[in-house]
Amino acid sequence: MKYEFPKDFLWGVATASAQVEGAAFEDGKGPTIWDAFCRLPGKIRDNNVMDVTCDQYHLYETDVKLMKDMGVKSYRFSFSWARILPEGTGKVNEKGLDYYRRLIKCLKDNGIVPNATMYHWDLPYALQVKGGWGNRDIVDWFKEYANILLDNFGQDIDIWVTFNEPIATYVGYGMGSFAPGLADEKYARQALHNLLVAHGEVVKLFREKNLANAKIGIVVDIWRHYAGRAGNAEDEALVLQGNEIAGYGWFLHALFLGGYSEALTKYMEEKGFTPKICEGDFETIAQPVDFYGLNFYNGIIDNAEKMREMRQKMAEGGNYQFKPEQHPEAIYDVLHMLVEKYHVNVPIYVTENGYIHIDHGDKPVEYFLDDPDRIEYIRDVLQWVRRAMDDGIDVRGYYCWSLLDNFEWNAGFTMRYGLNYTDFKTLERIPKKSAGWYSQVIRENGFEAEPIVLKDSVIVK
Amino acid sequence: MQYHFPENFLWGIASCAAQTEGAAFEDGKTASCWDVFCRLPGSIRGGDVMDIACDHYHLYEQDIAKMARMGIKSYRFSFSWPRILPEGTGRVNQAGIDFYHRLIRCMKSYGIRPLANLCHWDIPYALQLKGGFGNREMIRWFGEYMDVLLDNFGDEVDLWCTFNEPIGIFVGYAKGVKAPGLRDEAYGRQALHNALVCHGEAVRRFRERNIAGAKIGIIVDVWKHYPVRPDSEEDRAIADYYNECDGYGMILSPLLLGKYDEKYLTYLKDHDLSLDIREGDMELIHQPLDYFGLNYYNAFFEHADEVREREELKKKGHPQHMKMVHHPEMITEVLYMLVHKYQLKTPIIISESGIPELDPDHGPMEDFLNDDWRIDYLEKILQGVYQGLMAGLDIRGYYIWTFMDNFEWEAGFTMRYGLYYTDFETLERTPKKSAFWFHDVIENNGFERED
């Protein structure tokens with residue numbers, strides 16, 4: 001059957017500054033927490049750094065042409081804070097502003113709508129050594145930065161995102177596996193609180209600017225957990241942890257319902273992790289936004305028993321390759337949850353969705369170029385999105401992660417998410433089969449596919 | 001003339017963890033703020049890192065044996081905080097504790113007295129991420145670190161030092177030249193204040209233990225600036241600024257007089273800066289010490305016209321060619337200042353004194369071994385110390401910086417301060433002429449010199 005999308009549906013591709021730009025120490029850019037983190041032994045697979053990565057800083061025209069050729073309608077990118085303010089605050093780096101001016105002009109000249117994220121994890125190192133998100137002053141620092149962005153690009157950009165995936169700051173401050181590499185949960189809880197306040201303050205600032213047509217929102221990734229065995233106490237505990245304590249519920253509750261959920265509040269009190277909350281913080285955080293950005297990759301089925309088996313196999317030295325099941329249907333459930341549980345009554349964009357291939361250097365390029373599994377997964381997700389739209393949920397666009405293979409954070413160059421293959425030596429971009437397929441979907445504003453048949457899903461009945 | 005030093009004068013050698021140990025990511029040690037700073041392009045001359053440095057972590061036995069042969073009476077070293085507490089607080093790394101046990105036992109087996117320093121700039125990166133010395137929590141973290149050290153080494157070490165050159169923190173936070181590489185004057189000034197409170201907190205915890213015979217102090221470097229024309233208001237203002245607002249005065253006044261100098265307070269006010277000074281801070285900072293450690297390298301004479309020229313060149317981005325004129329004799333005046341202006345009543349040790357030889361192009365070893373000029377400089381310093389002794393100052397020891405060439409912070413491997421030459425490829429240590437000279441000085445408890 002034909003899955004058709006509305007006339008103005010925004011088909012896009014997404015990237016982030018740190019993952020694609022390179023030029024990490026060029027033209028006045030200051031170091032970021034990721035530049036520092038990458039340089040510590042053992043933090044990044046194969047100890048790779050993001051100094052060059054896809055070199056989009058120099059090759060942006062090539063990439064815009066790549067998008068143009070694909071027919072992409074919108075490009076979601078992020079500003080590098082340290083490129084604009086090398087020390088986080090104070091002195092503005094004109095060359096950094098100039099780069100984004102050129103990028104945006106190039107996009108618009110080619111009829112591509114820019115969708116700009118202010119913060120995609122690459123905090124200036126200079127602010128991190130002052131405590132980063134854990135220092136309440138960062139609310140002012142972030143406002144100063146946002147103000148510069150809005151003053152310089154407010155007229156050119158209609159879609160603004162304050163933050164991409166706040167949870168990454170928890171992974172970086174509370175678990176240590178992302179930059180800056182701190183494993184201090186109490187500190188992380190405060191950091192995330194400050195980050196949410198910074199979001200709210202910048203939404204307020206944005207309103208003061210009265211920019212015609214421009215909209216602002218936030219992107220929260222949702223990896224919803226489901227009990228493998230409904231009613232099983234162990235599984236349900238994992239679900240609570242994954243959704244409410246250390247997952248999307250933390251942010252969505254504060255952003256759309258106000259304050260932290262009862263479960264989270266109780267947890268933080270018991271552990272002594274309750275952050276310092278100033279008067280008015282919760283109102284600030286819950287500022288109305290113009291849209292919500294959903295990053296969706298998968299749904300997770302928690303089964304404590306299976307988890308133990310896996311750990312056991314790994315402890316015994318077994319070569320257990322973790323290959324998660326794919327649950328594209330979870331996006332349908334998540335979209336409903338947004339509206340029904342969190343009362344999200346603004347338009348929704350799927351701001352990221354994608355599929356990885358692992359590359360440990362043992363496979364030829366051809367292996368990555370032929371990617372029917374990626375096509376299948378994206379198609380399935382889109383079918384579920386279409387079905388949710390049929391139910392009346394207001395989804396306005398879909399961005400594929402990613403335009404091209406790039407630096408995948410602590411996985412370095414070993415996880416390829418691109419519709420285009422990146423040769424990290426020659427910097428050549430080669431379209432994968434999925435690029436051609438996605439291009440066709442955009443051209444036809446939909447696709448032909450067999451209707452979805454679900455077997456025994458614990459997610460969607 | 002014969003320069004004869006008091007009996008039991010402590011002839012020593014100074015070094016520190018980050019500059020010599022290496023093993024930066026071994027046996028459970030985590031990154032320090034310096035390990036990260038080194039890795040950021042442009043921070044260190046030559047782009048060098050301190051991952052190996054002199055590999056003292058593995059080669060300490062031969063180093064201590066060489067010191068013993070030189071006749072060294074005391075070895076001043078520093079603990080690496082992230083080797084002891086990888087996350088800065090909480091979990092103790094036993095392998096780190098074990099290393100310092102081995103090091104201390106090795107020294108003592110030769111009769112060398114350890115002088116142990118808590119903080120020689122290399123704070124755990126995990127704490128830097130939380131704001132480092134700019135975060136008041138640091139006072140609690142530093143206190144915890146002191147407790148861990150006293151629990152483990154309280155009965156092995158009798159000479160303790162809280163900080164070496166606290167100014168290094170100001171330079172790192174306000175000027176960006178040292179780790180963590182921040183250029184934020186307000187933050188840097190607060191960080192320095194907090195560091196002094198950390199010092200006080202450590203002294204307080206030390207006193208609580210009542211360890212018989214053990215002493216605690218702090219080490220401050222004094223690079224004193226003098227007006228070239230004492231009657232020139234301009235020259236005096238420049239010297240005052242460097243001494244009181246950008247130098248030792250920011251540390252010595254609170255530490256020894258219990259208050260910040262009026263000139264410093266005026267500066268803060270005029271520049272719209274303020275310090276968050278909490279109740280009890282000044283008392284904590286101003287606790288009595290058992291000794292004071294002076295690091296002396298040089299003095300500066302400021303002429304307003306030259307300073308203007310310097311600033312102009314700096315603005316134009318010209319490299320700074322500092323004409324190094326050496327003033328070893330000024331150490332005596334600095335010693336008098338400690339006693340008169342700062343009313344110091346404790347014994348003094350010269351905790352560092354030395355002179356570098358530049359090696360930007362990594363020349364052959366032979367060029368560095370005949371260092372008569374170093375011997376000449378050190379003798380002049382010792383003449384100054386001797387003059388202080390003759391004037392009745394209570395000076396108990398003299399430590400040379402340093403045993404072997406090591407990683408000289410932002411200068412990387414391009415500044416050689418050692419009595420031993422270090423080949424940073426083979427890690428071989430070769431004595432310079434000054435090493436033999438120091439051996440003789442110690443053996444004779446002095447030296448002879450005409451002039």
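**Ground rules.** I number residues from 1 along each chain as its sequence is written, and I letter chains from A in the order in which they are written. For this predicted model I took local features only at pLDDT of at least 70 and side-chain atom pairs only at pLDDT 80 or more, while totals for chains, interfaces and linings use all residues.

**Chain A overall.** I counted 18 helices and 16 strands in chain A; these are DSSP runs, H or I of at least four residues for helices and E of at least two for strands, numbered from the N terminus. The C-alpha atoms fill a box of roughly 55 × 55 × 50 Å along the principal axes. Buried residues make up 51% of chain A. Here I call a residue buried with 20 or more other C-beta atoms within 10 Å of its own, exposed with 12 or fewer, and partly exposed in between, with C-beta atoms placed from the backbone.

**Core.** The largest nonpolar core has 260 residues, and B:Leu118 is one of those touching the most other members. Such a core is a set of buried Ala, Val, Leu, Ile, Met, Phe, Trp, Tyr and Cys residues joined through C-beta atoms within 7 Å. Helix α9 (residues 185-209) of chain A gives the largest share, 11 residues.

**Between chains.** I found 19 residues of chain A in contact with 20 of chain B, where contact means C-beta atoms, placed from the backbone, within 7 Å.

**Cis peptides.** I noted one between A:Trp401 and A:Ser402, with omega about 20 degrees. A:Ser402 lies in the loop between β12 (395-401) and β13 (415-416) of chain A. Another joins B:Ala179 and B:Pro180, with omega about 5 degrees; B:Pro180 is in the loop between α8 (167-175) and α9 (185-209) of chain B.

**Positive phi.** B:Asn210 is not a glycine, yet has a positive phi of about 50 degrees. This residue is exposed, with 7 other C-beta atoms within 10 Å. B:Asn445, also not a glycine, has a positive phi of about 50 degrees and is partly exposed, with 15 other C-beta atoms within 10 Å.

Methods
Two residues are in contact if their C-beta atoms, placed from the backbone, lie within 7 Å.
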